[in-house]
Structures are given as C-alpha cells and as structure tokens.
Amino acid sequence: MNEIVLKDEIIKLKKALHVSIVAHFYQKDEVFELADFAGDSLQLAQWAAKDENPYLLFCGVGFMGQSVKILAPNKRVFMPKIACCAMARMIDVGYFDQNVEILKNAGIKEEDILPVTYINSSAEVKARVGMMGGYVCTSSNAKKIIIEARKSNKKILFVPDRCLGQNIAIEMGLTSCVVGDGSDPKLSDIICYNGFCSVHQLFDVEDIAFYREKYPDILIVTHPECKPEVCALSDFVGSTSQIIDFVQKLPKEQKVAIGTEYNMVKRLRSENTYILSSTKPECPTMNETTLQDVYNALKSIQEERFENEITISEETRKWAFVALNRMFEL
Ligand code: SF4
C-alpha cells in the first residue's frame with residue numbers, strides 16, 4: 001500500500017474501531033499528522049486518560065503508554081511499536097535499590113532519602129518512588145516538585161536523568177552530585193542517578209560558540225536534559241511545550257538555534273531556525289514507529305489479536321499512581 005492508501009485505511013479503521021491515536025512531538029511527520037492529539041508526555045497522558053474511546057493507540061515510547069494506564073486503568077492502551085526511551089531503560093528497580101544502598105553505605109539513613117523520578121521511568125520505578133513517599137516530575141515542573149520535596153528536610157535522590165537534576169540544582173542554588181562520581185553524597189542537596197538522554201547529550205558548548213560567532217544576535221534554546229554547561233550558556237531552557245511556546249512567539253526574523261529532538265524542531269519553525277548540532281538529533285526509539293506499524297496495530301485490534309497492549313500489575317499501578325498523583329496535587 002502506498003502512503004496515501006495506508007493513511008486512508010488507518011483513518012477508516014480507527015473510526016470503525018473507536019480508537020484514538022495520540023502522538024508525541026518527537027514522532028515522525030507521517031505518524032504525527034494522523035494523531036487526534038499531540039503533546040508532551042504529560043499532556044498526552046492527561047488527554048488520553050479523559051478520552052472516551054475505549055481503545056488508545058499511543059505513538060511514543062513505553063513509559064508514556066504506561067502513564068496513561070496508571071491514570072486510567074480501564075482503558076486498553078496499545079503501542080504500534082513497543083519502543084523504549086533509552087533514558088528510562090537506564091534504571092530499573094534493581095538499580096534504584098542499589099543506589100539507595102550506596103547512599104545508606106555513605107551514612108544516609110533510608111528514612112532520610114526522598115526520591116523524585118522524572119516521568120521518563122518505568123511504572124515499576126515510579127511505584128518504588130511512590131512507596132518511599134516520593135514524587136514524579138516532568139521537565140516543566142521539576143523545580144516546583146523539588147521545592148516541595150525539600151520541605152521534608154530529606155536528601156533528594158533524583159532519577160534517572162542526572163542533567164535535569166543538576167540543572168534544577170544550579171537554577172535553585174543547591175548543591176548536587178551524581179551517584180558514583182566520587183563525591184560525598186551527604187554534602188549534596190540533590191543526589192542524581194547517573195542516567196541521561198543520548199539525544200540531548202549531542203549538544204555541546206562548541207555548537208553554541210559556533211552559532212554565536214556566525215550569527216551574533218541568535219538565540220540559543222535548549223532542553224533541561226542537555227548538559228549543565230550547555231544550559232548555562234543558553235538564552236532559554238525549557239521543556240518541550242515550553243520551547244514550542246517560546247519559539248512560536250519569536251518574530252520571524254529572529255534567528256534561533258534549538259537543542260532538542262529533530263522532528264519537533266523541523267516542524268516548529270521553517271525560517272531562521274537551526275539545529276544546535278552537526279549530528280541530526282533524532283531519537284532512535286521515537287523514530288521506530290511507522291505508518292505501517294500504526295496500520296498493523298489497528299488490524300490487530302480489529303482481528304482481536306490485541307498485540308502490543310500495555311499491562312501493569314495492579315500493585316505496581318497503585319503505587320505508581322501515588323507518586324504521579326503527588327505531582328498533580330501540587
Ligand atoms: Fe528518551 Fe531522549 Fe528519546 Fe526523549 S529523546 S524519548 S528522553 S531517549
């Protein structure tokens with residue numbers, strides 16, 4: 001089937017089967033254009049949890065589909081491809097517990113540790129965080145969550161993205177370290193797990209210097225998953241949605257170099273927009289999902305094969321919801 005026929009078939013099938021399709025901003029254009037709703041991970045989970053269709057096709061990565069299931073356990077959530085965020089894969093419950101042990105061995109009691117997990121983590125890790133009294137956060141509300149978490153007077157264990165943890169610490173004038181970097185965790189306000197996003201690691205201070213020299217009036221915009229030294233030199237640092245808001249309000253003639261995922265930057269603004277890297281910053285797992293996968297997933301629902309369905313045990317869901325809900329309550 002060619003692309004036009006495939007798109008047509010998908011539209012017919014989704015309507016007949018009462019399936020909603022949502023897509024993350026980092027998805028390929030061909031998939032993005034078919035979505036009933038597009039957004040960042042939190043917006044997608046919130047929209048999907050309220051959507052009335054019984055089936056949801058989530059075009060994104062695994063932890064995002066899980067977030068819908070955590071919020072709306074009765075909804076049947078499918079993914080065209082079980083793609084997994086590389087950062088979320090860097091931590092599981094075993095690694096999480098190992099890090100807690102390392103802190104205990106450094107002289108910090110377990111009851112004095114308050115974990116905060118970035119939404120880019122599995123339901124199991126979120127559940128562990130929920131059990132320990134901790135929070136989920138996103139890149140747009142991480143500062144607010146850390147302010148609240150610090151009221152407990154406990155040490156914050158921030159997982160899995162070390163860059164987001166370090167960037168928030170710098171913004172708030174707090175001290176931070178990365179588990180295993182040789183420093184004494186007792187001396188840090190925020191102790192970061194050693195995870196990162198390989199896509200946002202691509203942006204470097206040399207790229208900023210290059211653009212500033214070439215276009216002295218250019219604005220540099222980055223995501224807080226970028227390295228702290230990159231964010232420190234940026235004119236604006238924000239979550240995916242915040243970047244979209246910021247860039248859309250710029251006058252057309254304003255040059256801007258953006259340090260985040262390629263598909264999103266490409267769609268955001270055609271004129272005077274530059275990618276802050278000589279390497280194309282595509283998220284490999286986000287790019288795995290194709291139109292053919294979307295079609296196959298719909299056929300599997302139609303034929304009641306129900307492939308690639310997201311399932312979470314009720315015990316895990318319950319505790320992951322506790323951690324997510326603490327964020328919503330704020
Ligand atoms: Fe994960 Fe990075 Fe891809 Fe986002 S861009 S889904 S954080 S690997």
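This is a predicted model: local features need pLDDT of at least 70, side-chain atom pairs count only at pLDDT 80 or more; totals for chains, interfaces and linings use all residues.

Let's start with the ligand. Which pocket does the ligand take up? The ligand takes the space of the largest pocket. Around the ligand sit Tyr26, Cys85, Ala86, Asn120, Cys197, Val199, Glu225, Cys283 and Met286. Sort that shell by type, and you get seven nonpolar residues, one polar and one charged.

Now helix H3, residues 41–50. Its buried residues are Ser41, Leu42, Leu44, Ala45 and Ala48. Why do they sit on the same side of H3? Because they cover an arc of only 160 degrees around the axis. An α-helix has 3.6 residues a turn, so residues three or four places apart point the same way. What do the buried residues of H3 pack against? Three strands, to begin with: E1 (19–24), E2 (37–39) and E3 (55–59). Then two helices, H4 (62–71) and H15 (314–329).

Next, isoleucine 190. You'll find isoleucine 190 in strand E9, residues 190–192. Buried or exposed? Isoleucine 190 counts as buried, because its relative accessibility is 0%. Its contacts, leaving aside neighbours within four places in sequence, include Ile146, Ile156, Phe158 and Leu174. Take Ile146. Isoleucine 146 and isoleucine 190 are 44 residues apart in sequence. In space, their C-alpha atoms are 8.9 Å apart.

Glutamine 166 is in helix H9, residues 162–172. Glutamine 166 has a relative accessible area of 18%. The cut-off for buried is under 20%, so glutamine 166 is buried. Not counting residues up to four places away in sequence, glutamine 166 touches Ser176, Val178, Cys192 and Pro228.

Last, the backbone. Most residues other than glycine have a negative phi, and most peptide bonds are trans. Now look at valine 159 and proline 160. A cis peptide bond joins them, with omega at about -15 degrees. Proline 160 is in the loop between strand E7 (155–159) and H9.

Two asparagines have a positive phi. For asparagine 153, phi is near 65 degrees. Asparagine 153 sits in the loop between helix H8 (142–150) and E7. With a relative accessible area of 73%, asparagine 153 is exposed. For asparagine 308, phi is near 55 degrees. Asparagine 308 sits in the loop between helix H14 (291–302) and H15. Its relative accessible area is 31%, and asparagine 308 is partly exposed.

That's my tour. Thank you.

Conventions: Residues are numbered from 1 along each chain as its sequence is written. Side-chain values use heavy atoms; hydrogens and water are left out. Helices (H or I, at least four residues) and strands (E, at least two) are DSSP runs, numbered from the N terminus. Buried means under 20% relative accessible area, exposed over 50%, partly exposed in between (1.4 Å probe, protein chains only). Contact means heavy atoms within 4.5 Å. The arc is that of the directions from the helix axis to the C-beta atoms. A residue is near a molecule or strand if one of its heavy atoms lies within 4 Å of it. On a 1 Å grid over the protein atoms alone, a cavity is a set of points where a 1.4 Å probe fits but cannot get out, and a pocket is an open set with protein on both sides within 12 Å along at least five of seven lines; lining residues have an atom within 4 Å of a point. A molecule sits in a cavity or pocket if more than half of its atoms lie within 2 Å of its grid points. Ala, Val, Leu, Ile, Met, Phe, Trp, Tyr, Cys and Pro count as nonpolar, Asp, Glu, Lys and Arg as charged, and the others, Gly among them, as polar.
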